[in-house]
Amino acid sequence: MKIKAAVLPATQQPFLLTEINLDTELRADEVLVKIVATGLCHTDLSIRDEQIPFEIPAILGHEGAGIVERIGSSVTKVKEGDHVVLVPASCGKCSYCKSGHPSYCSNFFLLNLGGTRGDGSCPYHDHEGKNVAGFFFGQSSFATYSLASENNLVKVPTDVPLEILGPLGCSLQTGSGTVLNVLRPQAGEGIVVSGVGPVGLAAIMAAKAAGCTTIIAVDVHENRLTLAKELGATHTINSRNTVISDEIVNNIYPGGVHYGIDTTGRNDVINQMVGSLRYMGKAAIVAIAPTPKLEIDYAVFMTGKSLQYVLEGDSVPDIFIPQLIELYKRGLFPFDKLIKFYNLEDINQAVEDSENGTTLKAVLRMPH
Ligand SMILES: [Zn+2]
Ligand SMILES: [Zn+2]
């Protein structure tokens, strides 16, 4: 069938809206999804900028939400017409998947960054018949239709607007999952979040939902800090002119907070974030690092602190995404406040607005 897709034609280039031929002869476990809307995430741009290797030309997009159009012969999890959120692909068979940690699936790179099916076949072709890489995070959802598999779809309720739900599958579960699944704060505890883009703001909302009573947002953009306050931050720090750890340990929370999350990937910020923790405090980092080498002051660990890298919020999406939707329905996870909609054809505008910070979470509506 013919689909419309925003194709990345080459690295460092803008996206190009193109017609693509998609071979829709489904494998047994495959599902054809009519995409309604897809979030734009920083990782899409990491491919464009060659920070993560991926075959190009490619259809990117990995925060898709849509409606099941057709299912393969062995699919039982979803049926035609179901509303679904697409999540990173996982094999379901390795020890990480089996033990409830599909974000660390040992087949993650093959399934999410391989550009083809596991067997090497490619169902996406341009008008000359040349292969276009797909299956980006198991979905390549910058397109009107996506070929996914049963394993990377989460069925969602139909009484919430489907077009806002895609970002739950990556950036929003990354921030909120790191709080709720990994750090697991107790009611009454304190947390600092450095970098309050979509991932950091999701962490702020989750910390509030978990009952944290001191929630400190750190950023250099005042507009983001203002939104962080609206969404649950009790304190804000503009790190352009303040040393984060000094401000927290000396003024906001004497002795330091229990938890920290960094979404910036910056060495200086991570050092200050860890320096803001109390003895035995726990910190998580989630950014795709702009700096390849992480250097931390040895002294800050000598009080029993720990630092962990967390991928995709270490969630089991089938369990976690419905939980986030329940929180949203009750007003406890108002992530729709982050979203600005664009038409797919305006994807390059969405990229520009996201990069200059005027848009927090761009969501692309598909032309159907
Ligand atoms: Zn696995
Ligand atoms: Zn992402």
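How far apart do the C-alpha centres of domain 1 and domain 2 lie? In this predicted model, the separation of the two C-alpha centres is 29 Å. The domain assignment places residues 2-169 and 335-365 in domain 1, and residues 172-314 in domain 2.

**Domain interface**

- Contact between the domains involves 18 residues of domain 1 and 18 residues of domain 2.
- Domain 1 and domain 2 bury about 1,600 Å² between them, and carbon and sulfur atoms contribute 63% of that area.
- On the domain 1 side, Tyr104, Leu338 and Leu360 lose the most area to domain 2; together they account for 34% of what that side buries.
- Zero salt bridges are found across this interface.

**Aromatic pairs**

- The structure contains eight aromatic pairs.
- One of them joins Phe15 and Phe142 in an edge-to-face arrangement, with 5.7 Å centre to centre and 85° between the planes.
- Because Phe15 lies in the loop between β1 (2-8) and β2 (16-22) and Phe142 in the loop between β7 (124-125) and β8 (145-149), this pair ties together parts that are 127 residues apart in sequence.
- Both Phe15 and Phe142 are buried.
- Tyr328 and Phe335 form a tilted pair, at 5.0 Å centre to centre and 55° between the planes.
- Tyr328 is buried at a relative accessible area of 18%, and Phe335 is buried at 0%.

**Further ring contacts**

- Phe54, Phe108, Phe109, Phe136 and Phe137 make up one aromatic cluster.
- Arg365 is positioned over the face of Phe341, 4.0 Å from the ring centre.

How values were computed. Residues numbered from 1 in each chain as written. Chains lettered and ligands numbered in written order. Predicted model: local features only at pLDDT ≥ 70, side-chain atom pairs only at ≥ 80, totals over all residues. Heavy atoms only, no water. Phe/Tyr/Trp six-rings, centres within 6.5 Å; stacked < 30°, edge-to-face > 60°. Helix = DSSP H or I, 4+ residues; strand = E, 2+ residues; numbered from the N terminus. Buried < 20%, exposed > 50% of the residue type's maximum accessible area, 1.4 Å probe, protein only. Lys NZ or Arg CZ within 6 Å of the ring centre and 35° of its normal. Domains from an automatic or database assignment. Contact = heavy atoms within 4.5 Å. Buried area = accessible area lost by both parts, 1.4 Å probe. Salt bridge = Lys/Arg side-chain N within 4 Å of Asp/Glu carboxyl O.
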